[in-house]
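Thanks for asking me to look this one over.

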Amino acid sequence: MTTNIILLGPPGAGKGTQARRLVDERGMTQLSTGDMLREARTSDTEMGHRVAEVMDRGELVTDDIVIGLIEEHMEKDRTNGFIFDGFPRTLAQADALARLLEKHGERLAAVVEMQVDDDVLVKRITLRATCAECGAVYNDEMRPIPSDGKCETCGSTEFKRREDDNEESLKQRLLEYYKKTSPLIGYYYANGQLKRIDGLGEIDEVAEEIDKVLD
């Protein structure tokens, strides 16, 4: 049985950073709903054709298609576990994922909620910039771009900022996140699977807390 987890956390909490670390250090596989749909749409498979048809009509992809894509990966990917990213988003999806894992003799090791202080998060995100080359994250206050204008990681001089990294937009994204995930948090808490950690620590500190949960 492998180690499977769900990472929960609002925009900017660092889920992507921690997921990449788990992939690199533990040999896990990150299953991002968006990535899976894009990959499927360009594949010449029956499921890919279904995805393309639905998306071409401008409709939302159904839960059974997403579950089908996850099952495809579970059957073909040799991995030390899956990190579910962007799924589940509803209680129905959570139930469907539980049934799928049980079908394959698997289970969730934990659902890790990366908790944050919203005001601190807004300040972190609205002041951030990323290296256009390697994706290294900088912050005007906490980790400013070096005075020589070069990325400390790769030496690139190109940086970018997201248009929606502004206070009004971020607060709206946070509101949507809490509205959608609060039932899930209650669901996994009731199942004894929810583990809460401080998502605003240094990257290594957050990583250490996640490792404690998994170990």
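Is D165 buried or exposed? At 10% relative accessibility, D165 counts as buried, where buried means under 20% relative accessible area, exposed over 50% and partly exposed in between, with a 1.4 Å probe and protein chains only.

1. **What you are looking at.** This is a predicted model, so local features need pLDDT of at least 70 and side-chain atom pairs count only at pLDDT 80 or more, while totals for chains, interfaces and linings use all residues. Residues are numbered from 1 along each chain as its sequence is written, and side-chain values use heavy atoms, with hydrogens and water left out.

2. **D165 and its partner.** D165 forms a salt bridge with R162, and the closest N and O atoms are 3.9 Å apart. A salt bridge here is a side-chain nitrogen of Lys or Arg within 4 Å of a carboxyl oxygen of Asp or Glu. R162 is partly exposed, at a relative accessible area of 47%, whereas D165 is buried. By this rule the count comes to 22 salt bridges.

3. **A pair between two loops.** R161 and D140 also form a salt bridge, with 2.9 Å between the closest N and O atoms. R161 sits in the loop between β7 and α7 and D140 in the loop between β6 and β7, so the pair ties together parts that are 21 residues apart in sequence. (Helices, H or I of at least four residues, and strands, E of at least two, are DSSP runs numbered from the N terminus.) Both ends are partly exposed: R161 at 46% relative accessibility and D140 at 41%.

4. R21 forms a salt bridge with D211, the closest N and O atoms being 3.2 Å apart. R21 belongs to helix α1 (residues 15-26) and D211 to helix α8 (residues 203-214), so look for this link between distant parts of the chain, 190 residues apart. R21 is buried, at 12% relative accessible area.

5. **The three-stranded sheet.** Strands of a sheet pair through backbone hydrogen bonds, either parallel or antiparallel. Here an open sheet of three strands runs in the order β6-β5-β7, with antiparallel pairing; two strands pair if DSSP finds at least two bridges between them. β6 and β7 (159-160) are at the edges with a single partner strand each, so one side of each is left without a neighbour in the sheet. Strand β5 (residues 128-131) is joined to β6 by three bridges.

6. **N139, worth a close look.** Which residue is the bridge partner of R128 in β6? The partner is N139, found in strand β6 (residues 137-139). At 6% relative accessibility N139 counts as buried. A polar atom of the N139 side chain lies 2.8 Å from the backbone oxygen of R124, and a polar atom of that side chain is 2.8 Å from the backbone nitrogen of E141. Leaving aside neighbours within four places in sequence, N139 is in contact (heavy atoms within 4.5 Å) with K123, R124, L127, R128 and P144.

7. **Cysteines.** The structure holds zero disulfides, a disulfide being a pair of cysteine sulfur atoms within 2.5 Å. The sulfur of C134 is 3.7 Å from the closest cysteine sulfur, in C151, which is too far for a bond. C154 is in no disulfide either, and its nearest cysteine sulfur, that of C131, is 3.6 Å away. C134 is partly exposed at 38% relative accessibility, and C154 is partly exposed at 37%.

8. **Nonpolar cores.** A nonpolar core is a set of buried Ala, Val, Leu, Ile, Met, Phe, Trp, Tyr and Cys residues joined through side-chain atoms within 4.5 Å. The largest has 32 residues, of which I6, L69, I70, F84 and Y188 touch the most other members. Helix α4 gives the most to this core, with six residues. Apart from it lies another core, of 20 residues, among them A13, A19, V116 and I197.

Notes: A polar contact is a pair of N or O atoms within 3.5 Å; within protein, one must be able to donate a hydrogen and the other to accept it, and residues adjacent in sequence count only if both atoms are side-chain atoms.
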